[in-house]
Every structure is written in structure tokens, then in C-alpha cells.
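Reader: I would like to go through the strand pairing and the aromatic contacts of this model. May we begin?

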Amino acid sequence: MISAAKPIIGDDERQAVERVLKSGMLAQGPEVSAFEEEFSKYVNGYKCVAVNSGTSALHMALVAADIKAGDEVIVPSFTFAATANSVALTGATPVFVDIDPRTFNIDPAAIEAAITPKTKAIQPVHLYGQPAQMDKILEIAIKNNLLILEDAAQAHLATFNGKYVGSFGIAGTFSFYPTKNMTSGEGGMISCATDEFARMCRLLRNQGMEKRYENEVVGFNTRMTDIHAAIGRVQLAKVEEWTKIRQQNANFLDENLSGVVTPYVIPNAVHVYHQYTIRVRGHDRDKFADEMTKRGVGNGVYYPIPVHQLPSFNLKFDLPNTTAACKEVISIPVHPSLTQSELETVVEVINSIANAGA
Ligand SMILES: Cc1ncc(COP(=O)(O)O)c(C=O)c1O
């Protein structure tokens, strides 16, 4: 079976963990600070605050931005539930809007149409590793005095107009879940536009304390351990190389797949292919995916149900592009451990299913 995703954990990661275990300093400490400092290079110098998951990063950034009950935050519905959960957990209302069907990312025109006097922020997602249309989103945010919080959970090192994602708004958030382009085991990072915002995130991460037992705000415990940070640092040193391989693999797939819709990349964007997602039209998507699995090619459907329709939200929004994408997408192997012969098998299997009877 050719796996759909494969975390790469080697001796370097094992030695890093061993180093922390030997030091006896397991909780948040020098490894976390070093990880934050090193990550800041990939968000154009934004101040970084490491936390225990991408979900915590989203939630804390919203709280730090003072998003609360009575506010509205515009989000896509074609995403992982955490994007909207984090908004709902602040007491604010997620307002779901449609996507651009070419990119699967939030549609700027739909954002503009959804703005009300209660709107406080836009939370675009850089889905699958492709930057959202940040020039237009920035323009809308400036015109309407809205904050931008980027959900960059899937998009480490992606750029738009030469700028890293996570450095367009007041904050960006990243995930280091094992299947992401880099991992720390579990973990997340908040990139912050200002020192003040970073300080608030640090307070929120640690029960609202900077000085011990002098809690300044009501906070969480969302600290990252030094064990996780040590793994993250090793992976960060490799992620540029892994990203290049993902992009080469994507090029090969672009050039050789037929009978399916391959990813469209917007001008001036660098896609980092967390997922390589095809659209199958004129086929039953679930049968197509099952057939791939039967023939040994792992795959995933991200996401089969629009977030607003999940039982946890159960809301009515008319989002035709989202509904269509949920029925047609399949993410196929693109990860850096694939061999050339595995890539060729992926192409052969997909082309043969897509073009059967043609
Ligand atoms: C778009 C998106 N947002 C948020 C998250 C949440 O990240 P985590 O799983 O690290 O909490 C994920 C990852 O699972 C994601 O894909």
C-alpha cells in the first residue's frame, strides 16, 4: 500500500528527545524558546509563541484578539472543523462563506458579501498548503477595519507575493500534528504581528501569568513541552528540503495525470502541497477512492461534509461550491517519502480508473 501520508521520524528526532530527557527539564523551557526564534524566520520575523496544538493556537489567537460573544468571524466551511470550533469556543459566531472552486480557498467576493456591523475578523485558511488570495483579503480587511487571523495549519513555508503565510494579519496559526508538513508530535505556533499581541498569547498560554502567581488575565494551560519543541526544531531544519520534494512530486503528478482535475495554483503563490487534491467529475467519488485503495494507492477525502452542516453546527448556508467540492475531492499521495516508482503507480492507477470506458 502506498501511504497517503507518512511522518518522517529519524535518529535526529530521537537524539533530540533523549537530550531533553537527560536534561531533566521537560516542561516549557529553552527548547521552546529556541523553536519560536527559529520558526520566526518562516513568518517574516513575526514573533512566535509555541503551544500544544494548532487548535489551541487558533483559539488563543482569537482570544488575544479580543473576539468574544456578539462578534462575527468570517470563515470558510470547506476546512477542518477546528477553524470554526475555535471561533465558537470564544462565544463569537462563525459566519460561513463559500470557496473559489478553482483553489478550494475562501472566496474574497463571498467575504465581502458576508460583512455586517458585527464582523470583527476574517479567518482565511490556506487549504492543502496553497495561500488564500491574500491581496484581496487584505484590501477587504483594511477597507472594513477587520482583523485577519490566518489559519496556516496546513501551509508551513507557503508564500504569496513573496511573503510567508502567517505574516499578513494580526496573527497566523500553524499545526505540527504528525501528518502535517512538519511535526512536533502534537503542537502549534502562533505568529504575531506585534510584541503586545505576542505577550498576550504568552500570558494566555500560561494561566495568564508572566510572573509566577501574579495572574494578569484569565488564561489556559496550552504550553508546549521541551520534548515536543526539540522534535519540532529538528523537523524545522528539514522542512525546506521536504517542501521542495513535495513540489517536485506535485509537478510530476500535474504533468502525468489525465481524466481528473489537478490543482490550480493562483499567480504569485507558492503552494507547499500539504495535500495534492484532485477533483473527480463524472465519477462516483467514493467508488473512485475505494478503487484506488483496492489497487494499493492510499488516499483521503478532506473534507466530505461542509463544517456548517456537521452535527456540531447544523446551520443553513447556501454554499454551492463547498457542497460540490465535498462530493468531488480526493487527496492523493504527494509526501516526500514517495519513490519514483510509487509516483508512477499513483499515476497509472488514477489514470486507469479515470479513463476507464473512455
Ligand atoms: C485547517 C486546519 N486548522 C486547524 C487544525 C488544527 O490543528 P491541530 O490538529 O494541531 O489541533 C488543522 C489540523 O488538523 C487543520 O487542518
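Reader: Which residue of β7 does Phe 160 stand opposite?

Author: The model is a predicted one. Strand β6, residues 159–160, runs antiparallel to β7 and is joined to β7 by two bridges. Within β7, the residue opposite Phe 160 is Lys 163.

Reader: Which strands stand at the edges of the sheet?

Author: The sheet is open and its three strands pair antiparallel in the order β7-β6-β10. Two of these strands have a single partner each, so one side of each is left without a neighbour in the sheet. The edge strands are β7 (163–164) and β10 (269–270).

Reader: Over the face of which ring does Lys 163 lie?

Author: Lys 163 stands opposite Phe 160. Lys 163 also lies over a ring face, at 4.7 Å from the ring centre. That ring belongs to Phe 168.

Reader: Why is the pair of Phe 78 and Tyr 128 edge-to-face?

Author: The ring centres of Phe 78 and Tyr 128 are 6.4 Å apart. Planes over 60 degrees apart count as edge-to-face. The pair is therefore edge-to-face, because its planes stand at 85°.

Reader: Is Tyr 303, which pairs with Phe 78, buried or exposed?

Author: The rings of Phe 78 and Tyr 303 have centres 6.3 Å apart and planes at 80°. This pair links distant parts of the chain, 225 residues apart. A relative accessible area under 20% counts as buried. Tyr 303 has 13%, and therefore it is buried.

Definitions and conventions
Residues are numbered from 1 along each chain as its sequence is written. This is a predicted model: local features need pLDDT of at least 70, side-chain atom pairs count only at pLDDT 80 or more; totals for chains, interfaces and linings use all residues. Side-chain values use heavy atoms; hydrogens and water are left out. Two strands pair if DSSP finds at least two bridges between them. Helices (H or I, at least four residues) and strands (E, at least two) are DSSP runs, numbered from the N terminus. Rings of Phe, Tyr and Trp (its six-membered ring) pair if their centres lie within 6.5 Å; planes under 30 degrees apart count as stacked, over 60 as edge-to-face and the rest as tilted. Buried means under 20% relative accessible area, exposed over 50%, partly exposed in between (1.4 Å probe, protein chains only). A charge sits over a ring if NZ of Lys or CZ of Arg is within 6 Å of the ring centre and within 35 degrees of the ring normal.
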